Amino acid sequence: MTVEADRLQKIKAVAIGASAGGVQALLELLPVLRAEQRLAVFVVLHLPRDRPSLLVEVFAPKCILKVREAQDKEPVADGTVFFAPPNYHLLLDAGPQFALSADDLVNHSRPSIDVLFESAADIYRERLLGIILTGANEDGAAGLAAVHDAGGVTVVQEPLTAQSTQMVLSALELRTPDLVLPLAQIAELLGGLGSDTPSRLTA
Amino acid sequence: VDAQIETDYALASRKFEIEFQLLIEAVYQLYHYDFRDYAQASLRRRLRIAMLRFRCETLSQLQDRVMREPQMFHALLDHLTVQVSDMFRDPSYFRALREHVVPLLRTYPSLKVWVAGCSSGEEAYSLAILLREEGLLSRTLIYATDINPHTLQKAESGIYSIDRVAGFTVNHRESGARSSLSDYYTAAYGRAIFDKSLREHIVFSDHSLATDSVFAEVQMVSCRNVLIYFNKALQDRAVGLFRDSLCRQGFLGIGSKESLRFSAQAAAFADFVRQEKIYQKAEVA
């Protein structure tokens, strides 16, 4: 399984979806990103809908990038990790800028990974890298398929290394992703993006 | 092969974009519903769901049916305005209203409140219950407006599925309730029917933030999770209507993740309860 360097060189944004076990997995990935890579990172992590999220407080001290909750109509900035706010869907709109929606749950989830990935695929196409991590439901599979169909690069966490496997297995069922990797190698891939010498990744 | 796939995808996207604009324009010209300034990402998503639901392969097919079958337009309208809310959604918002806004509302001999984009009425009934608990409902008239006649009808009936009521009850309690939610509805046949005496203080009516103008002077506007569906121009128009409708020092409440920060009307309002997105109309300098 390989991804050609020229496809990785086009990547300007990374969309990540995770559920059960996601905080731990993200703690292995997000801290490797550096500002000079000039990437915008969008994250949907399923959380309880009825209380404020502490994700920014948890991740900001551990990340080099700025970490924030995305706001409605806010322009996308690179060098920043944007989390979806609890109880809203996060979408990408032309600009690119963020849009929030209070539409019904998708896959029992709000925010939904599918909603983020499908809208981000619309806007970024081959410039988007989509990653599905550990999780205990099927959200994200259709979204990752949309990223694939739009020409983006798709990565699924190696199921044996995922704390919960359902989300990654559902994603694998729908499309064959470009890469299936354990976390350490996803971290390596992320660390190599946007730089002058992107690693030709093999798994 | 890859290049070919890319081209096909790009072409399909471009066609979707053209059809999208045409459909929105057709709906506007034929039915006078103006979605031209809605935020596109959510609208695109809702249209894709409608295409699946109505088994249309393309937006052109959907447009054809919408233009020729008025009932099809109304079915589409339900998809484009689909809005789900709960009674006392975000209980802390209602608690803040009780603690900080109600004391000032008490100083008015009669009150008018506008729930803009009321959908199926949950917010309007929540405010009616809150105002009754605070002893203000008898002198209050709530205008609850929406663009979808079908949801307005539902809102007017005040009937909700009984399995939603447990969640409503928890929210209500957390909002600083002074009574039990069960005082306000009768349960029958799997449904909760809310009290007529609440409805007597609510006027449900058709009003579009995109095309209609100010219709009354009000002391408070509650418009939560509606502005996120608008683009900046339409947001500015809507917030401008709120400013012009509000009396001196009137209140505006918006959704917990909405903000007037990017709005052209930001200067017309001052933070009142910042955490809960409750604003007060600013004095003109």
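L189(A) sits in helix 7 of chain A, which spans residues 183–192. The model is predicted. With a relative accessible area of 2%, L189(A) falls under the 20% cut-off, so it counts as buried.

**Chain A overall**

- Chain A holds seven helices and eleven strands.
- Along the principal axes, the C-alpha atoms of chain A fill a box of roughly 40 × 35 × 30 Å.
- Buried residues make up 58% of the 203 residues of chain A.
- Between L189(A) and G79(A) there are 110 residues in sequence and 17 Å in space, taken from C-alpha to C-alpha.

- Strand 8 of chain A covers residues 128–132 and is mostly covered, with five of its five residues buried.
- In a regular strand, side chains alternate between the two faces of the sheet.
- On one side of strand 8 of chain A are L128(A), G130(A) and I132(A), on the other L129(A) and I131(A), and all are buried, which leaves both faces covered.
- Strand 2 of chain A (residues 13–18) runs parallel to strand 8 of chain A, and five bridges join the two.
- Within this part of the model, I132(A) of strand 8 of chain A has G17(A) standing opposite.
- Strand 9 of chain A (residues 153–157) also runs parallel to strand 8 of chain A, joined by four bridges.
- G130(A) has T154(A), in strand 9 of chain A, as its bridge partner.
- From strand 8 of chain A the chain passes through helix 5 (residues 141–149) to strand 9, a β-α-β crossover that is right-handed.

**Largest pocket**

- The volume of the largest pocket is about 1,700 Å³.
- Its lining consists of 47 residues, and those nearest the centre are P86(A), Y88(A), D90(B), S256(B) and K257(B).
- From chain A, helix 3 (55–59) and strand 4 (66–69) each give two or more residues to this lining.
- From chain B, the elements that give two or more residues are helix 5 (91–105), helix 8 (165–174), strand 9 (269–273) and strand 10 (278–281).
- Helix 8 of chain B gives the most to the lining of the largest pocket, namely five residues.
- By class, the lining of the largest pocket has 21 charged, 16 nonpolar and ten polar residues.

**Second largest pocket**

- The second largest pocket holds about 840 Å³ of space.
- It is lined by 33 residues, with D122(A), Y9(B), F16(B), R44(B) and R48(B) nearest its centre.
- Chain A gives two or more residues to this lining from each of strand 6 (89–93), helix 4 (113–124) and helix 5.
- Helix 2 of chain B supplies eight residues, the largest share of the lining of the second largest pocket.
- In the lining of the second largest pocket, 16 residues are nonpolar, twelve are charged and five are polar.

How values were computed
Residues numbered from 1 in each chain as written. Chains lettered and ligands numbered in written order. Predicted model: local features only at pLDDT ≥ 70, side-chain atom pairs only at ≥ 80, totals over all residues. Heavy atoms only, no water. Buried < 20%, exposed > 50% of the residue type's maximum accessible area, 1.4 Å probe, protein only. Pairing = 2+ DSSP bridges. Right-handed = clockwise from strand over helix to strand, strands pointing away. 1 Å grid on protein atoms, 1.4 Å probe; cavity = no way out; pocket = protein on both sides within 12 Å on 5 of 7 lines; lining within 4 Å. Points joined across faces, edges and corners; volume = space filled by probe spheres on them. Nonpolar A, V, L, I, M, F, W, Y, C, P; charged D, E, K, R; others polar.
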